[in-house]
Amino acid sequence: MRIGHASISENKDNGRNGRAKAGDQTGKEVCIRSFYVKPWKYLLRCKDSNKAEIMAQACESICENPCVGYDQSQRLTLHNELSRVGFDYRKLTEPCECDCSSFMTVCAECAGIMIQYPGGNAPVTANMVKLFEKTGMFDVITDGINEEYNLKRGDILVGAPNTHTVMVLDEGIPLHLKKRRTLKKGMTGSDVVYMQKILTLLNYDIGKTGIDGRFGDKTKQALVKFQTEHCLEPDGICGIKTWTMLEKYI
C-alpha cells in the first residue's frame, strides 16, 4: 500500500531556521512511499467518494512534481500557486513549498473542499482534524486505523498533534481476503467451490462438471477470461487482487 506525504526538506532543520530552496531538491521532500504505522490517531475520510478520488489524484500528481518541495517557513506557497491556477494541480509549474498538513489541505482544496485558514495560516496537525470535520465533508475515524485493510484511497491519516499526516493512495485489502489461499490449477477445496460459484454467477463457463471444487482446465479458462475482462493479469491464478475483484460482485 502506498501513501503520499510531505516529509523533509533538503535542510536538516526543515526550513524552520532559514528558507530552503523552493522545489524538491532531493526527490524525497514530497513523495510517494510505502505505508507505515506511526501510530496514527485519526483518520479523515471524505464522505464523497468522487472527491476522495480527486484528492488522491492531486496528491499523486503533486508528489511527482519536482516543483513542490518541503519547507515549514514557506508552507503556504503551494497553496498560493494552486490558487493562482484555479487549483488545477496539472498546471503547477512554479517552484513552491509545503509541509505535511498544508499539503493535505491543498489536496482537499483541489477537490473543491474549502477549509478555514485560522489567522491566514493553513491547518496544522494540532487543529486539522477539527477544521476538516467542520467542513461537513469528512468523517473522523479512530478505530482500527493502523491496519491497512481498513483504509481507503483518499483517506488522510493524522498522528497525535505536532507529528505528521499522510494520504492513503491505495485501497486496503480486506482481512478475510488476505487470509484466503492463492488458488491454482490442480487445487481442490471449499474455496475453489466458492470461486467457481462466483464465476458461474457471473456467467463464466466452468465446464460440464460444474461446481465441483476442482480447479481444472475449464475453471482456469473461465478465470483467465474474468481477469482479462477486469484488467487483471490473466495468469489463471486467483490471488488477492483477483479475489478482491470477484467479491465485488457478490
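1. R45 and D155 are both buried, where buried stands for under 20% relative accessible area, exposed for over 50%, and partly exposed for what falls in between, with a 1.4 Å probe and protein chains only. The two residues form a salt bridge whose closest N and O atoms are 2.7 Å apart, a salt bridge being a side-chain nitrogen of Lys or Arg within 4 Å of a carboxyl oxygen of Asp or Glu. Because R45 lies in strand 3 and D155 in the loop between strand 6 (138-141) and strand 7 (156-158), the pair ties together parts that are 110 residues apart in sequence.

2. A word on the basis of this note: the model is predicted, local features need pLDDT of at least 70, side-chain atom pairs count only at pLDDT 80 or more, and totals for chains, interfaces and linings use all residues. Residues are numbered from 1 along each chain as its sequence is written, and side-chain values use heavy atoms, with hydrogens and water left out.

3. The chain holds eight helices and eight strands, which are DSSP runs numbered from the N terminus, helices being H or I with at least four residues and strands E with at least two. Of its 250 residues, 47% are buried, and the C-alpha trace spans about 70 × 35 × 30 Å along its principal axes.

4. Helix 3 (residues 100-110) deserves a look, since 11 of its 11 residues are buried and it is therefore largely enclosed by the rest of the structure. Among the buried residues of helix 3 are C100, F103, M104 and E109. Just after helix 3, G112 takes a positive phi of about 85°.

5. The search of the whole structure finds 13 salt bridges, and side chains of opposite charge can pair when their charged atoms come close. In one of these pairs, E81 meets R84 with the closest N and O atoms 2.9 Å apart. The two residues are three apart in helix 2, which means that about one helical turn separates them. E81 counts as buried because its relative accessibility is 17%, whereas R84, at 53%, counts as exposed.

6. Another pair is K185 with D217, whose closest N and O atoms are 2.4 Å apart. This pair links distant parts of the chain, with K185 in the loop between helix 5 (175-178) and helix 6, and D217 in helix 7, 32 residues apart. K185 is partly exposed at 48% relative accessibility, and D217 is partly exposed with a relative accessible area of 45%. Elsewhere, R2, E53, E60, R153 and D170 are linked in a network of salt bridges.

7. The peptide bond from K38 to P39 is cis, with omega near 10°, and P39 sits in the loop between strand 2 (30-34) and strand 3 (42-46). N203 is not a glycine, yet it has a positive phi of about 70°; N203 is found in the loop between helix 6 (190-201) and helix 7 (217-229), and it counts as exposed at 71% relative accessibility. C231, also not a glycine, has a positive phi of about 60°, lies in the loop between helix 7 and helix 8, and counts as exposed at 77% relative accessibility.

8. The largest pocket has a volume of about 430 Å³. On a 1 Å grid over the protein atoms alone, a pocket is an open set of points where a 1.4 Å probe fits, with protein on both sides within 12 Å along at least five of seven lines, and lining residues have an atom within 4 Å of a point. The largest pocket is lined by 15 residues, of which E171, K241, T244, M245 and K248 lie nearest its centre. Its lining has eight nonpolar, three polar and four charged residues. The second largest pocket holds about 250 Å³ of space. Of the 13 residues lining the second largest pocket, Y70, Q72, C100, N162 and T163 are the closest to its centre, and the lining divides into three nonpolar, seven polar and three charged residues.

9. On the surface, L201, Y249 and I250 form a nonpolar patch with about 320 Å² of accessible area together, a patch being made of residues with over 30% relative accessible area and no salt bridge, in which nonpolar side chains are joined within 5 Å and like charges within 9 Å. Y249 lies in the segment after helix 8 (240-247) and counts as partly exposed at 37% relative accessibility.

Key. Accessible areas come from the Shrake-Rupley method with a 1.4 Å probe; for residues, only the protein chains shown count as cover. Grid points are joined across faces, edges and corners, and a volume is the space filled by probe spheres set on the points. Ala, Val, Leu, Ile, Met, Phe, Trp, Tyr, Cys and Pro count as nonpolar, Asp, Glu, Lys and Arg as charged, and the others, Gly among them, as polar.
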